[in-house]
Amino acid sequence: MTVQAPPLRRQHVDTGHRLSFVRAVRGEWIKLATLRSTWWSIGIAAILTIGIAVLIAQAIDLPGFEPIQAVVMPIQFTMLLAGILGAISVTGEYSTGMIRSTMAANPKRGSVLSAKAVVVGLFMFVSSLIIFTAAAAAVSAVVASRDQVIDWGDPTASLLPIVVSSLAMAVFALIGVAFGFILRSGAGAIAATVGLLFVLPIVTSFFAVAGEAWAWVMDAANYLPVAAAQSAILPEGAALEGPVAYLTLAGWVAAGMLAAWAMLHTRDA
């Protein structure tokens with residue numbers, strides 16, 4: 001007579017190590033910090049920002065030109081590094097297949113997107129804040145010989161442009177993150193990011209001499225990410241008012257994250 005063993009029942013074992021959002025953020029930070037491209041990008045951004053700021057401060061000695069302008073002007077070049085860093089932080093996972101492990105460990109795709117955005121955006125903001133502060137110190141040393149100083153007693157003429165420039169760099173990085181999730185291709189995401197941040201403003205500038213019939217193109221160009229950032233950083237005489245510039249930057253981030261979230265939910269990893 002054969003005695004059958006009772007069927008095995010699956011038992012759920014609570015290990016006490018649930019994947020919280022904080023742990024998801026920690027995992028994203030580990031992935032970002034262990035990429036060589038992350039530190040190469042930040043290093044190059046630091047060299048360009050400080051170097052260009054010093055060159056501008058040495059070359060321009062005109063009435064009305066404030067030293068803080070030399071500090072923040074290099075963002076026109078370093079914005080591309082921020083956007084590319086954001087893009088490759090995502091597409092690198094798709095190219096290596098690591099994204100499957102990420103999704104398996106954290107099936108909540110909205111959490112994956114949010115954690116990635118928080119880590120990349122915060123990292124770029126803090127890094128840029130340090131870089132622009134170092135550039136301000138270098139520029140201060142250059143202009144001291146001609147009795148000029150950065151007025152640290154007036155936050156709107158010193159500290160605020162540095163903070164807003166750092167915030168703009170975080171926005172550019174998040175735009176790259178969005179394109180990374182949307183396109184999943186390193187080349188495609190980088191091309192789209194460079195196109196939006198660099199190429200499109202150049203193309204729209206051609207319409208400045210096209211007459212009144214094309215004036216709407218120039219008006220629309222003021223709402224591109226880089227133009228909005230410039231209006232927010234140095235609001236005096238800017239094309240957009242301060243609140244509108246900030247809302248425009250927030251709108252670009254929100255639109256990009258929403259599109260990335262939609263792609264994550266409608267396509268497999």
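Q: Is arginine 184 buried or exposed?
A: In this predicted model, arginine 184 counts as buried, because its relative accessibility is 19% and the cut-off for buried is under 20%.

Q: Where is arginine 184 in the chain?
A: Arginine 184 sits in the loop between H7 and H8.

Q: What about the backbone there, what is phi of arginine 184?
A: Phi is near 65° for arginine 184, a positive value in a residue other than glycine.

Q: Which loop holds aspartate 147?
A: Aspartate 147 is in the loop between helix H6 (109-143) and helix H7 (159-183). Its phi is positive too, near 60°, and aspartate 147 is likewise not a glycine.

Q: And aspartate 147, buried or exposed?
A: Exposed: aspartate 147 has 74% relative accessibility, and the cut-off for exposed is over 50%.

Q: Switching to the whole chain. How many helices and strands?
A: The protein chain has 11 helices and 0 strands. Read from the N terminus, the order of elements is α-α-α-α-α-α-α-α-α-α-α.

Q: What box do the C-alpha atoms fill?
A: Roughly 105 × 45 × 30 Å, taken along the principal axes.

Q: How much of the chain is buried?
A: Buried residues account for 40% of the 269 residues.

Q: What share of the contacts join residues at least 24 apart?
A: That share is 76%, counted among contacts between residues at least 6 apart in sequence.

Q: Charges next. How many positive and negative side chains?
A: There are 14 positive and 13 negative side chains in the protein chain. The centres of the two sets lie 30 Å apart.

Q: Which elements give two or more residues to its lining?
A: Helix H4 (75-96), helix H8 (186-205), helix H9 (215-221) and helix H10 (225-233) each do.

Q: Which of them gives the most to the lining?
A: H8 does, with 6 residues.

Q: How many residues line the pocket, and which lie nearest its centre?
A: The lining has 22 residues, and those nearest the centre of the largest pocket are Gln76, Pro201, Val226, Ala227 and Gln230.

Terms used. Residues are numbered from 1 along each chain as its sequence is written. This is a predicted model: local features need pLDDT of at least 70, side-chain atom pairs count only at pLDDT 80 or more; totals for chains, interfaces and linings use all residues. Side-chain values use heavy atoms; hydrogens and water are left out. Helices (H or I, at least four residues) and strands (E, at least two) are DSSP runs, numbered from the N terminus. Buried means under 20% relative accessible area, exposed over 50%, partly exposed in between (1.4 Å probe, protein chains only). Contact means heavy atoms within 4.5 Å. Lys and Arg count as positive and Asp and Glu as negative; His and the chain ends are not counted. The place of a charge is taken as NZ of Lys, CZ of Arg, CG of Asp or CD of Glu. On a 1 Å grid over the protein atoms alone, a cavity is a set of points where a 1.4 Å probe fits but cannot get out, and a pocket is an open set with protein on both sides within 12 Å along at least five of seven lines; lining residues have an atom within 4 Å of a point.
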